[in-house]
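Let's walk through this fold together, from its sheet to the side chains packed around it. Keep the viewer open as you read.

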Amino acid sequence: MSRQRLITYLVVVAALGSVAALGSGAGAAAARSGRSARAVATVNVVRALGGNLAYVRSLDHGIPVLLPTTLRLQDPRKSSSAVVHNGYRLELDYSEPCDGANVCTAAEFTAQRGSSRAYGKAVALANGIHGAYSGIQCGASCSPATIEWREHGVLYSISATLGVELAAHPNAGAVRGAFVAAADQAITAGPR
């Protein structure tokens, strides 16, 4: 078993134990998602990404970095980044190393030049841009909700477990609205 899979397995086992201890409500919802019952707070995304954002910008491949200003998340502790020729990935994580694993990623911001996929239901975004929103998808495990849009010839996406999703009974419209607001922030703020 690889180190990353072992870490993910141990986190899931710990989370399942937490479900029994926490009972019902928001704490149980957090535990089922693999996160502890830490408080949800408004996180300054640019500040939280810190040096990782600076790293992505320093390797400028002509891809503007678009990020929301704030997101309501459960206190992410780490950030990470990856840069490839045609894009980037920035993460806010609950633990390290996470490498995009759903169980420990609070939010992920990606950009990919030339990618044409945009899955989900159509949503109207700022500046007349059309996007696609996909809610939480569950099978053997759950993937977070995602919003995608094309701008500057680049497909941008935000995937996250937002504070509204962690409520005992999240309202699908409120979750979608929070993702549209995050994409609108990223679009109107422009390159970071």
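Contact here means heavy atoms within 4.5 Å. With neighbours within four places in sequence left aside, Leu-90 is in contact with Leu-49, Asn-52, Leu-53, Val-56, Val-65, Leu-67, Ser-80, Ser-81, Ala-107, Glu-108 and Phe-109. A word on provenance: this is a predicted model, in which local features need pLDDT of at least 70 and side-chain atom pairs count only at pLDDT 80 or more, while totals for chains, interfaces and linings use all residues. Residues are numbered from 1 along each chain as its sequence is written, and side-chain values use heavy atoms, with hydrogens and water left out.

Now for the sheet. Helices (H or I, at least four residues) and strands (E, at least two) are DSSP runs, numbered from the N terminus, and two strands pair if DSSP finds at least two bridges between them. Seven strands make up an open, antiparallel sheet in the order β3-β4-β5-β11-β10-β7-β6. At its edges lie β3 (78–84) and β6 (121–124), each pairing on one side only. From one strand to the next the twist averages 15°; axes are lines fitted to C-alpha atoms, for helices over the stretch in contact, and angles run from 0 to 180 degrees between N-to-C directions.

Strand β4 (residues 87–93) runs antiparallel to β5, with seven bridges joining them, and Asp-93 has Thr-105 as its bridge partner in β5. β5 also pairs with strand β11 (residues 154–160), again in the antiparallel sense over seven bridges; there Phe-109 stands opposite Ile-158.

Further along, strand β7 (residues 130–134) joins β10 through four antiparallel bridges, and Ser-134 has Thr-146 of β10 as its bridge partner. Thr-146 counts as buried because its relative accessibility is 18%. Its side chain meets that of Ser-159 in a polar contact of 2.8 Å. Such a contact is a pair of N or O atoms within 3.5 Å; within protein, one must be able to donate a hydrogen and the other to accept it, and residues adjacent in sequence count only if both atoms are side-chain atoms.

What lies across β6, β7, β10 and β11? Helix α4 (residues 172–189) does, running at about 35° to β10.

Let's turn to the rings. Rings of Phe, Tyr and Trp (its six-membered ring) pair if their centres lie within 6.5 Å; planes under 30 degrees apart count as stacked, over 60 as edge-to-face and the rest as tilted. By this rule there are two aromatic pairs. Tyr-133 and Phe-179 form a tilted one, 5.6 Å centre to centre with 50° between the planes. Tyr-133 belongs to strand β7 and Phe-179 to helix α4, so this pair ties together parts that are 46 residues apart in sequence. Trp-149 and Tyr-156 are stacked, at 5.7 Å and 20°.

Finally, a nonpolar core is a set of buried Ala, Val, Leu, Ile, Met, Phe, Trp, Tyr and Cys residues joined through side-chain atoms within 4.5 Å. The largest has 39 residues, of which Leu-73, Leu-90, Phe-109, Leu-125, Ile-147, Trp-149 and Phe-179 touch the most other members. Helix α4 gives this core its largest share, seven residues.

Conventions:
Buried < 20%, exposed > 50% of the residue type's maximum accessible area, 1.4 Å probe, protein only.
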